[in-house]
Amino acid sequence: MKLYLFVFLFLTSLSITAQQLKKNGDNYEIKYKKKSKYPMGPELGSKIPIKENLKDIYGNTISISELESGITVLNFWFIGCKGCKMEEPNLKELSSYFSDNSNIKFVSICRSSSDLIHSYYTKYGEFGYKTVSVERPYVIDNFNIVGFPTQLYYVNGILKDKTSGAMNEEYHLEWMKNYLEKQIKENTL
């Protein structure tokens, strides 16, 4: 029964998205579906639902105030997620592209154990995000996410946009760069 449920949820996470990038002239923009029976994250305009400081897999504290200031990109994933693996090169490029900008933070919330994440990073390398290991209920209870990978884009602690599904194509990377550059221009001094 557990295997059946796992397979169902896995296939659902690959095929059902509440939002997609759609071409609008020369640009891409997020198009939200009216309703999805599968939860795809918190409501737009809601505050970041983290109630206490986080610890990354190296024991470093990620404070709530750090996450609530400037621009924060949260990436939700787990080891074994094919879509998550597919988008890693784009995430690595994205975090590298903005590495000198102190107004933007990249945090990955992984529902795999710290030991497993360390082994994974040893084998495949990190992708430039601070990584936090959490249990699956934490992701569902706090963020209402069951589909992976999912990206949440916060500005000053308020959810501005979200994407669900692998952001693995070249146009995804260009959209993320352009989107974040626009947020930086509009929301920093």
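**Close-up views of a predicted protein model**

Residues 24 or more positions apart account for 68% of the contacts (heavy atoms within 4.5 Å) in the protein chain with a separation of 6 or more. This is a predicted model, in which local features need pLDDT of at least 70, side-chain atom pairs count only at pLDDT 80 or more, and totals for chains, interfaces and linings use all residues. Residues are numbered from 1 along each chain as its sequence is written, and side-chain values use heavy atoms, with hydrogens and water left out.

**View 1. An open sheet of 5 strands runs in the order β7-β6-β5-β8-β9, with mixed pairing.** Strands here are DSSP runs of E with at least two residues, helices are runs of H or I with at least four, and both are numbered from the N terminus; two strands pair if DSSP finds at least two bridges between them. At the edges stand β7 (130–133) and β9 (158–164), each with a single partner strand, so one side of each has no neighbour in the sheet. β6 (residues 104–110) pairs with β7 in the parallel sense over 4 bridges, and V107 stands opposite K130 in β7.

**View 2. Helix α5 (residues 136–143) packs on the sheet.** This helix touches β5 (71–77), β6 and β8 (150–155), and its direction makes about 130° with that of β5. Helix α6 (residues 170–187) also packs on the sheet, touching β5, β6, β8 and β9, and its direction makes about 15° with that of β8. For these angles, axes are lines fitted to C-alpha atoms, for helices over the stretch in contact, and values run from 0 to 180 degrees between N-to-C directions.

**View 3. W77 and F127 form an edge-to-face aromatic pair.** Rings of Phe, Tyr and Trp (its six-membered ring) pair if their centres lie within 6.5 Å; planes under 30 degrees apart count as stacked, over 60 as edge-to-face and the rest as tilted. Here the centres are 5.5 Å apart, with 75° between the planes. W77 sits in strand β5 and F127 in the loop between α4 (114–124) and β7, 50 residues apart. W77 counts as buried at 2% relative accessibility, and F127 is buried too, at 3% (buried means under 20% relative accessible area, exposed over 50%, partly exposed in between, with a 1.4 Å probe and protein chains only).

**View 4. F106 and Y129 make a tilted pair.** Their ring centres are 5.0 Å apart and their planes stand at 50°. F106 is buried, with a relative accessible area of 8%, and Y129 is buried at 3%.
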